[in-house]
Amino acid sequence: MVRLNKIYTRTGDDGTTGLVSGDRRAKDDARIEAFGTVDEANCTIGMARLYTSGSELDAVLSRIQNDFFDLGADLATPHTDEKLEYEPLRIVAAQVDWLETQIDRLNADLEPLRSFVLPAGTALATHLHLARTIARRAERAMVTLAANETINPDALRYINRVSDFLFVAARHANAKGEGDVLWVPGKNR
């Protein structure tokens, strides 16, 4: 259980932060970068939710925000062959499967694309596109981490699906794709 009764601890004043295991890492460590970028993506989803109050999309985004904390906990707990005193919180395949269901559900209402979509349209769509790009950055950070340390493959699948979901949700927020702003190659030559 999480219990925060004091916000500052001064333990990070030396440029390190603690992992779930108790180990300390530099604040610019690849693992810290990965879960920090997941946190940033989570914040942008919260901004998008300013435009979804009470909707079905709001419930989906709320669940993703909660799952992002699971993802952060997963990334903050390095894999080890040692026996742990606790069961680490990990992203599981069912969370990826649920996202795929949400993508398919929203995408069913959309016409196939004829061009790339510019990150524009409604305020909600624009915020979702911003969240998508930050989720993609989180994915890149996780891939960088995975080059040197073991990470949960379901975590990588999950973050990849989140950005896919956010893309489809942004199109859906643009009048089910009717309000998409399409790229016109060479338009301004």
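Leu 130 is partly exposed, at 38% relative accessibility. (Buried means under 20% relative accessible area, exposed over 50%, partly exposed in between, with a 1.4 Å probe and protein chains only.) Leu 130 lies in helix H4, residues 123-146. Helices (H or I, at least four residues) and strands (E, at least two) are DSSP runs, numbered from the N terminus.

Accessible areas come from the Shrake-Rupley method with a 1.4 Å probe; for residues, only the protein chains shown count as cover.

## Model and overall layout

This is a predicted model: local features need pLDDT of at least 70, side-chain atom pairs count only at pLDDT 80 or more, and totals for chains, interfaces and linings use all residues. Residues are numbered from 1 along each chain as its sequence is written, and side-chain values use heavy atoms, leaving out hydrogens and water.

The protein chain has five helices and four strands. Their order from the N terminus is β-β-α-α-α-β-α-α-β. Of the 189 residues, 41% count as buried. The chain exposes about 11100 Å², and carbon and sulfur atoms supply 52% of that area. Among contacts (heavy atoms within 4.5 Å) with a separation of 6 or more, 73% join residues 24 or more positions apart.

## Aromatic pairs

The structure holds two aromatic pairs. Rings of Phe, Tyr and Trp (its six-membered ring) pair if their centres lie within 6.5 Å; planes under 30 degrees apart count as stacked, over 60 as edge-to-face and the rest as tilted. Phe 68 and Tyr 158 are edge-to-face, 6.3 Å centre to centre with 75° between the planes. Phe 68 sits in helix H2 (residues 56-75) and Tyr 158 in helix H5 (residues 153-173), so the pair ties together parts 90 residues apart in sequence. Both Phe 68 and Tyr 158 are buried.

Phe 116 and Trp 183 form a tilted pair, at 5.7 Å and 45°. Phe 116 is in the loop between helix H3 (93-107) and strand S3 (117-118), while Trp 183 is in the segment after strand S4 (181-182), 67 residues apart. Phe 116 is exposed at 60% relative accessible area. Trp 183 is partly exposed at 39%.

## Salt bridges

The whole structure contains 11 salt bridges. Each is a side-chain nitrogen of Lys or Arg within 4 Å of a carboxyl oxygen of Asp or Glu. Arg 105 pairs with Glu 56, the closest N and O atoms being 3.0 Å apart. Arg 105 belongs to helix H3 and Glu 56 to helix H2, so this bridge ties together parts 49 residues apart in sequence.

Glu 100 meets Arg 161 at 2.8 Å, N to O. Glu 100 is in helix H3 and Arg 161 in helix H5, so parts 61 residues apart in sequence are tied together. Glu 100 is partly exposed at 27% relative accessibility, whereas Arg 161 is buried at 19%. Arg 157 and Asp 154 bridge at 2.7 Å, N to O. Both lie in helix H5, three residues apart, about one turn of the helix.

## A buried threonine

Thr 77 lies in the loop between H2 and H3. Thr 77 is buried, at 3% relative accessibility. Not counting residues up to four places away in sequence, Thr 77 touches Val 20, Arg 31, Tyr 86, Pro 88 and Arg 90.
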